[in-house]
Amino acid sequence: QVQLVESGGGLVQPGGSLRLSCAASGSISSNYVMGWHRQAPGKQRELVAQIAGGGTTDYVDFVRGRFTISRDNAKNTVYLQMNSLKPEDTAVYYCSARIVVVHTTITYWGQGTQVTVSS
C-alpha cells in the first residue's frame, strides 16, 4: 500500500512558476511509474507527465518544454517543476504511482493540490 500526499499548489500569475511535491508513505521503488495528472473544472482528468524508475520521462505536448518531472527514490518523493504557467494550466493536480503485479496494474492516487494561474 502506498499513500501519496501532494503539496506546493497555490495561486500564481501567468508566466510564473510553481514546484509541486508528492511524498509517498511507502517505498516508491524503481518498479513504480510515477505520474502527475490534472483535472480542470468540467473536464476529465488527464496525464501531464510521468517518470519511470530508471528516469525515463514522458510529457504531453501542452506542457513539454515548460514542465519538468523528477523523482528522488531515496526520499520517496516526486516533483513537478512548472514554469511559464498559463491560465489554462489551472486545475487540481494529482500524483499517481503505478505498478504492475502479476499482470495486474495497480494505481495509487493522492488527494490533489489546487493550482490557479491568474492575474
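Which residues does His37 touch, not counting residues up to four places away in sequence? Select His37 and find out: Arg45, Glu46, Leu47, Val48, Val92, Tyr93, Tyr94, Ser96 and Trp109, where contact means heavy atoms within 4.5 Å.

Before moving on, a word on the model. It is predicted, so local features need pLDDT of at least 70 and side-chain atom pairs count only at pLDDT 80 or more, while totals for chains, interfaces and linings use all residues. Residues are numbered from 1 along each chain as its sequence is written, and side-chain values use heavy atoms, with hydrogens and water left out.

**Stop 1: around His37**

Stay on His37, which is found in strand S4; strands (E, at least two residues) are DSSP runs, numbered from the N terminus. His37 counts as buried because its relative accessibility is 14%; buried means under 20% relative accessible area, exposed over 50%, and partly exposed in between (1.4 Å probe, protein chains only). Now show Ser96: its side chain and that of His37 are joined by a polar contact of 2.9 Å. Such a contact is a pair of N or O atoms within 3.5 Å; within protein, one must be able to donate a hydrogen and the other to accept it, and residues adjacent in sequence count only if both atoms are side-chain atoms.

**Stop 2: Arg45 and two rings**

Next, select Arg45 with Tyr94 and Trp109. Arg45 lies over the face of Tyr94, 3.7 Å from the ring centre, and its charged end also sits over the ring of Trp109, at 4.6 Å from the centre. The criterion is NZ of Lys or CZ of Arg within 6 Å of the ring centre and within 35 degrees of the ring normal.

**Stop 3: strand S9 and its partners**

S4 pairs with S9 in the antiparallel sense over seven bridges; two strands pair if DSSP finds at least two bridges between them. Look for Gln39 opposite Val92 in S9. S9 also runs antiparallel to S10 (residues 104-109), joined by six bridges, with Val100 facing its bridge partner Thr105. In the hairpin of S9 and S10, two residues lie between the strands, and Val102 takes a positive phi near 50 degrees. With S11, S9 forms three antiparallel bridges, and Tyr93 has Thr113 as its bridge partner there.

**Stop 4: Cys95**

Still in S9, pick Cys95. Cys95 is buried, because its relative accessible area is 0%. Leaving out residues up to four places away in sequence, Cys95 touches residues including Cys22, Met34, Trp36 and Trp109.

**Stop 5**

**Stop 6: strand S1**

Finish with S1 (residues 4-7): Leu4 and Glu6 form its covered face, Val5 and Ser7 the uncovered one. S1 runs antiparallel to S3, joined by four bridges, and Ser7 has Ser21 as its bridge partner in S3.
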